[in-house]
Amino acid sequence: MTNMNTEQWSPKIVAFFCNWCTYTASDLAGVSRLRYAPSTRVIRVMCSGRIDPEFIMEAFAKGADGVLIGGCHPGDCHYSEGNYKCLRRYDLLQRYIEQMGIDTRRLRLEWISAAEGKKLQEVVNEMTNTLKEIGPSKIKHVVETIEK
Amino acid sequence: MGNDKPKLKLAVYWGAACGGCCVSVLDVHEKLFDVVANADLVFWPIALDVKYKDVEEMPDQHIDVTLFNGAVRNSENEHIAKLLRQKTKIMIAYGSCAHMGGIPGLANFSTKEELYKRVYEDSESTENAQKVYPQTETTIAEGKLTLPNFYKDVCTLDQIVDVDYYLPGCPPQTERLVEVFMAVVTGAELPPKGSVIGAGSKVQCDECKREKVNKSGITRFYRTWEKEDDGKTCLNEQGFLCMGPATRNGCGVRCVEGNAPCRGCYGPLDGIPDPGAKMMSAIASMLNEKEEGDIQKALDTVVDPAGTFYRFSLPGSILRRKQS
């Protein structure tokens, strides 16, 4: 993932969507022919509780401009508690990435149910616009370049 | 002794380190006799007067084993790391700093400018009206003086040179060092290159004797001075942040045995690139809260998450340093 010059640059978002809600919502957005920014690279996981903080760091280190996590609404988790674990990890990670000098808007968590194709469209568009404002991520460059 | 087997040649070097690793080598006590019976120490700045020039004059691969402790944070560290790599058959990253960056690696939370300003201008005991900073070259009447170049980043040893083995710990347990040393001496089959040696392959909790009782999770964390430890229950269950769940065993759970939470110096287990990520994951599972406000309140009690979870491993972690 290399960033071209800013004119051609468009943000790349690694999106972790849970199988039962948000991934299905993206399916719904597709069959409903809702247009949204082609910025996401979706990775389907069985539950938002499966998303290890390591995945998110790896995504940033490999050049993602943003990471979007999508899970079931509180109380709706297919595995009853996975999304709460995800929420606690996300809140802790937000504190961590802030300390690491990363704009916290680069990491976003949204509860999007299987019926909310429209919300998925809005969230992706909104996040893409926010990332366009912040500009390309330099994380990959910093991780790979040892400064002497 | 009639032993005609050539003695092993051993070197110990410190990069950006506190000296504790070298002391852990000295801590072999009377086993030192076994060591010197089987090995010649050819280079060890803390104990022997061997000059860099002497090392430069050694043939390549002359040294059998080098224990390199300390991180690489300036041009001198890098020069000697590369020199020793060239002269050594088995290069061991010895201790947390060479392994993952260690305590000096916490400097990766700051820029070089911030560090210099703090140390040479702002610190309470410093008076430096002329703002004199270290220079790599200074000319005085008697000639030119030089200092190593202080790098912007602190690096692990394997970010600079090829490393054969890692021997973790801050400092490594001396017993483990003796085991490794005797394995090399007796010609035992060594593990594959890149392995962590002189440590276990399970988490600290596997060995820990403390009881796990509280099944319902915790609602906040305590720093060690905020609450009294009952001496028998799992420290995490009592709310003290213990890095045990994300840390390799092998030290004998020595901090917890001494009633202090594990700080994570032995680093992550095989296949885990980032110990802090695993610890964050564990913390999130331990907490009970479900409402955003309650979660934030609970997390407020985790003071300095990045510094706590990456106390010994920032330069070796996935994100490596603070963005600047």
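1. A:Ser80 lies in the loop between β3 (66-71) and α3 (82-99) of chain A; helices (H or I, at least four residues) and strands (E, at least two) are DSSP runs, numbered from the N terminus. Although A:Ser80 is not a glycine, its phi is positive, at about 65°. The residue is exposed, as 11 other C-beta atoms lie within 10 Å. Here a residue is buried if 20 or more other C-beta atoms lie within 10 Å of its own, exposed if 12 or fewer, and partly exposed in between, with C-beta atoms placed from the backbone.

2. The model is predicted: local features need pLDDT of at least 70, side-chain atom pairs count only at pLDDT 80 or more, and totals for chains, interfaces and linings use all residues. Residues are numbered from 1 along each chain as its sequence is written, while chains are lettered from A and ligands numbered from 1 in the order in which they are written.

3. A positive phi also occurs in B:Arg320, a residue other than glycine, with a value near 65°. B:Arg320 belongs to the segment after α13 (305-309) of chain B. B:Arg320 is buried, since 27 other C-beta atoms lie within 10 Å.

4. Chain B contains an open sheet of 5 strands in the order β2-β1-β3-β5-β9, with parallel pairing; two strands pair if DSSP finds at least two bridges between them. At the edges are β2 (39-43) and β9 (165-167) of chain B, each of which pairs on one side only. From one strand to the next the twist averages 30°. Within this chain, β3 (residues 63-69) and β5 (residues 88-94) are joined in the parallel sense by 6 bridges, and B:Thr66 has B:Met91 in β5(B) as its bridge partner.

5. Helix α4 (residues 75-87) of chain B lies across β1 (8-14), β3 and β5 of chain B and runs at about 135° to β5(B). Helix α7 (residues 174-185) of chain B packs on the sheet, where it touches β1, β3 and β9 of chain B, and its direction makes about 150° with that of β9(B). Residues are in contact if their C-beta atoms, placed from the backbone, lie within 7 Å; axes are lines fitted to C-alpha atoms, for helices over the stretch in contact, and angles run from 0 to 180 degrees between N-to-C directions.

6. The peptide bond between B:Cys170 and B:Pro171 is cis, with omega about -10°. B:Pro171 is placed in the loop between β9 and α7 of chain B.

7. An antiparallel pair is formed by β6 (residues 137-140) and β7 (residues 143-146) of chain B, over 4 bridges. The two strands make a hairpin with 2 residues between them, and B:Glu137 stands opposite B:Thr146 in β7(B).

8. The contact between the chains takes 29 residues from chain A and 27 residues from chain B. On the side of chain A that touches chain B, α2 (53-61), α3 and α5 (139-144) of chain A each supply at least two residues. The largest share, 11 residues, comes from α3(A).

9. Helix α11 of chain B is mostly covered, with 10 of its 12 residues buried. Among the buried residues are B:Pro275, B:Lys278 and B:Ile283. Their cover includes α2 and α3 of chain A together with α13 of chain B.

Conventions: Contact = placed C-beta atoms within 7 Å.
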